[in-house]
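Subject: Structure handover

Hi there,

Here is the structure I promised to pass on to you. Please have a look, and my notes on it follow below.

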Amino acid sequence: MDVRIEQSWKSQLAAEWDKQYFINLTSFVREQYSTRTVFPPASKIFAAFDACPFDTVKVIILGQDPYHDVGQANGLCFSVSPGIPMPPSLVNIFREIHDDTGAEIPSDGDLSRWAKQGVLLLNSTLTVEAHRAGSHQGRGWEEFTDEVVMRLAKDREHLVFMLWGSYAIKKGAFIDRSRHMVLTSPHPSPLSAYRGFFGNHHFSQANAYLSSHGQTPIIW
């Protein structure tokens, strides 16, 4: 199967394209886009990979579903394009960055600037039907993104994995902590941010780890 994805990822994940689960997933996604309103735009399903080639990844942030309201999802987890109001979780992320590093809170929620520096902004499920959170879960995306995390954890060294909330923590449970930094906390959602996301200092910890292994820190 010819999948339109950045070339290094296309090569890394070559074994997935012709597996039955991915063939079934592709059929489901095509049918959904042709009959329903689905986010993100089809051209941006693999935007996280296109913006951050395999060998440039330094930090992985794991989300769950794309945003499911009109205009929000742009293929990068937690990110919204310029001009789109910031969702509450993203507001809380910027608040923690400000408190942790002193960085100013930006005027928009476009996280492509992080992706260009090596932050893979990966949702576990890459598509969602409009206004129906979780509607594309259990269709094969999770198996695909599990393989993405596995490939990074096994084939790269000294990466930082940010796992926020029980779902992300479970997804990254297998990662070898002796080879990578794994940072866990509650999710930045308003429902849980006060239970330990605020004050987790993940952004300064990530940069200290990257610096200690000869990598350029992220400008958060």
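Before the notes, one term: two residues are in contact, or touch, when they have heavy atoms within 4.5 Å. With that in mind, Ser-192 touches Pro-186, His-187 and Phe-197, leaving aside residues up to four places away in sequence. Ser-192 sits in the loop between strand S6 (181–185) and helix H8 (202–212); helices (H or I, at least four residues) and strands (E, at least two) are DSSP runs numbered from the N terminus. Ser-192 is buried, with a relative accessible area of 9%, where buried means under 20% relative accessible area, exposed over 50%, and partly exposed in between, using a 1.4 Å probe and protein chains only.

Please keep in mind that this is a predicted model, in which local features need pLDDT of at least 70 and side-chain atom pairs count only at pLDDT 80 or more, while totals for chains, interfaces and linings use all residues. Residues are numbered from 1 along each chain as its sequence is written, and side-chain values use heavy atoms, with hydrogens and water left out.

Now the pockets. A pocket here is an open set of points on a 1 Å grid over the protein atoms alone, with protein on both sides within 12 Å along at least five of seven lines, whereas a cavity is a set of points where a 1.4 Å probe fits but cannot get out; lining residues have an atom within 4 Å of a point. Grid points are joined across faces, edges and corners, and a volume is the space filled by probe spheres set on the points.

The largest pocket has a volume of about 640 Å³. Its lining consists of 31 residues, and those nearest its centre are Gln-64, Asp-65, Pro-66, Tyr-67 and His-187. Strand S2 (59–63), helix H4 (88–101) and helix H7 (166–171) each supply at least two lining residues, and H7 gives the most, with three. By class, this lining has 17 nonpolar, 12 polar and two charged residues; here Ala, Val, Leu, Ile, Met, Phe, Trp, Tyr, Cys and Pro count as nonpolar, Asp, Glu, Lys and Arg as charged, and the others, Gly among them, as polar.

The second largest pocket holds about 460 Å³ of space. It is lined by 17 residues, with Arg-4, Arg-30, Ala-42, Ile-45 and Phe-46 closest to its centre. Helix H2 (residues 20–35) gives the most to this lining, with six residues.

Beyond residues up to four places away in sequence, Phe-144 touches Leu-13, Trp-17, Tyr-21, Phe-22, Phe-46, Phe-49 and Leu-126.

Ile-93, in helix H4, is buried at 1% relative accessibility. Its contacts, again without residues up to four places away in sequence, are Phe-78, Trp-114, Trp-164, Pro-188, Phe-197 and Phe-203. Ile-93 and Phe-198 are 105 residues apart in sequence, yet their C-alpha atoms are 8.4 Å apart in space. Leu-111 is in the loop between H4 and helix H5 (112–115) and is buried at 0% relative accessibility.

What about disulfides, meaning pairs of cysteine sulfur atoms within 2.5 Å? The structure holds zero. The sulfur of Cys-52 is 11 Å from the closest cysteine sulfur, in Cys-77, so the two are too far apart for a bond. Cys-52 is buried at 0% relative accessible area, and Cys-77 is buried at 1%.

Finally, some backbone details. The peptide bond from Phe-39 to Pro-40 is cis, with omega near -5 degrees. Phe-78 is not a glycine but has a positive phi of about 70 degrees; this residue lies in the loop between S2 and H4. His-201 also has a positive phi, about 55 degrees, and is partly exposed, with a relative accessible area of 38%.

Best wishes

How values were computed: Disulfide = S-S within 2.5 Å.
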